[in-house]
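Welcome, and thanks for taking a look at this one. Please load the model and keep the sequence at hand while you read.

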Amino acid sequence: MELKKTLRWFGDKDPISLAQIAQTGAKGIVTALHHIPNGEVWTVQEILKTKNKIESHGLTWDVVESLPVHENIKKGLASRDLLIENYKVSVKNLGLCGLKTICYNFMPVLDWARTDLNYTLNNGTEAMYFQVDLFTAFDIFILKRPNALQDYTKKQIIAAEAIYKTLNKKEIQEIAYNIIVVTQAFIDGAVGEDEKEPIKLFLKLLAEYNGIDKNKLRENFSHFLNEVIPTAEKYDVNLAVHPDDPPFPLLGLPRIVSSIEDFNWLSKTCPSLNNGITFCTGSLGARKDHNLSKIFEQYAERIHFLHLRSTKLLDNGDFYETEHLDETVNLATVMKVIIAEQIRRKETGRLDYNIPIRPDHGHKMLDDFNRKSNPGYPLIGRLKGLAELSGLEAGMRYLMVKK
Ligand code: CS2
Ligand code: MN
């Protein structure tokens, strides 16, 4: 009764193949129909094509990540009605094809954000890093977002300026690339890698959220959930929102899946357990006030998908993705409460006790340097993360269920 071990695959364009993933110890795949534009229906035919491809490698497709929520739904524009209808049809089609877990997020414009995608650790491996002052420097001095100064204290602005002054042209370009191109907007195709003026386009995308504050975004999220969850219930599908990464507002945009207060709001605004959560320790771990195992226990019944990785949070608020088993993060305690929940689910007859888990990101290491991969998704680094989590689980389970 293990947790279902999975790795993410970005479809046919992923430089890492299903055949390679099949050798890592993963039994399941997490993927999406990346070739279908955001907002369009995922047909049964297209879903089955991907499903069959995965199964031909002896793997199963366990989780959809992501069925993206169109920006116009987040903004609450008139066109959302049709987009939400399309979303419901996709949920229904996925349910009919046996896909029961859908991960998505509700972050405006951005998905995860880092200032450095290749931060070198002492042992020569590479991790992703978020440097607070550098991000502020990007906002104020590179992006030159109108009114950005209002969002920062004098001290923050001075620190950001000091960093900005040390950057050369190449570094400035690289930071802009790291933040803009690796965004939801890029994933959705609004900003292409060959985009001539990504900064201009990006500013336009941000400006479209003028006037949308936390409350308005919550209202739009609530509308979306209360429309879509009844369909999810009908087809026995669990939606699992991914927490904001990092879990605080950026670039003047509200973020509303960041904190315990947000999870309470989420559970209240749409109480169905099909309105679920992706428990991402890496994202949630970037806040000092978060106790990961306590958060898991509090929302356990609506957690349908696990992203386990470790975030090393520094005193000044910077963070980087440390090794999965970095003992200062203590994923062992988290694993313990996860197994306890799994046992509880099994005993109460819940069919979804075999919760899917993936190591989320991994470090770039060894042969990863000779192979292309999406930022955060190298093959060997994730294999290592998966192996470590599997070992942790096996040991913990032994201790917990031994007679
Ligand atoms: C993922 C997210 O790579 C990652 O960090 O966990 O990009 C995740 O896929 C999305 O936020 C879910 O919609
Ligand atoms: Mn995650």
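How many bridges join strand S2 to S3, and do the strands run parallel or antiparallel? There are four bridges, and S2 (residues 28-31) and S3 run parallel. Bear in mind throughout that this is a predicted model.

Setting aside neighbours within four places in sequence, isoleucine 29 makes contact with Thr6, Leu7, Trp9, Ile21, Ile54, Leu59, Trp61 and Asp62.

## The nonpolar core

Ile29 turns up again in the largest nonpolar core, which has 88 residues. Ile29, Val64, Leu94, Ile102 and Leu306 are the residues with the most contacts inside this core. Helix H10 (residues 214-234) supplies the largest share of the core, with seven residues. Both domain 1 (4-108 + 213-402) and domain 2 (116-208) give residues to this core, so the core lies between them.

As general background, nonpolar side chains in soluble globular proteins tend to be buried together.

Now for the overall layout. The protein divides into domain 1, made of 4-108 + 213-402, and domain 2, made of 116-208. Taken over C-alpha atoms, the centres of the two domains are 25 Å apart. Domain 1 brings 21 residues to the contact, and domain 2 brings 20 residues.

On the side of domain 1 that touches domain 2, strand S11 (residues 319-322) provides the largest share, three residues. That side of domain 1 is made up of ten nonpolar, seven polar and four charged residues.

## Around ligand 1

Which residues are the closest to ligand 1? They are Ser66, Asn105, Asp111, Trp112 and His242, out of 13 residues that surround the ligand. By type, the shell around ligand 1 has four nonpolar, five polar and four charged residues.

## Leucine 399

Our last stop is leucine 399, which belongs to helix H15 (residues 379-401). Is leucine 399 buried or exposed? Leucine 399 has 9 other C-beta atoms within 10 Å, and a residue counts as exposed at 12 or fewer, so leucine 399 is exposed.

Lysine 336 is 63 residues away from leucine 399 along the chain, and the C-alpha atoms of these two residues are separated by 9.7 Å.

Note on methods: Residues numbered from 1 in each chain as written. Chains lettered and ligands numbered in written order. Predicted model: local features only at pLDDT ≥ 70, side-chain atom pairs only at ≥ 80, totals over all residues. Domains from an automatic or database assignment. Contact = placed C-beta atoms within 7 Å. Helix = DSSP H or I, 4+ residues; strand = E, 2+ residues; numbered from the N terminus. Nonpolar A, V, L, I, M, F, W, Y, C, P; charged D, E, K, R; others polar. Near = placed C-beta within 6 Å. Core = buried A, V, L, I, M, F, W, Y, C linked by C-beta atoms within 7 Å. Buried ≥ 20, exposed ≤ 12 C-beta atoms within 10 Å, placed from the backbone. Pairing = 2+ DSSP bridges.
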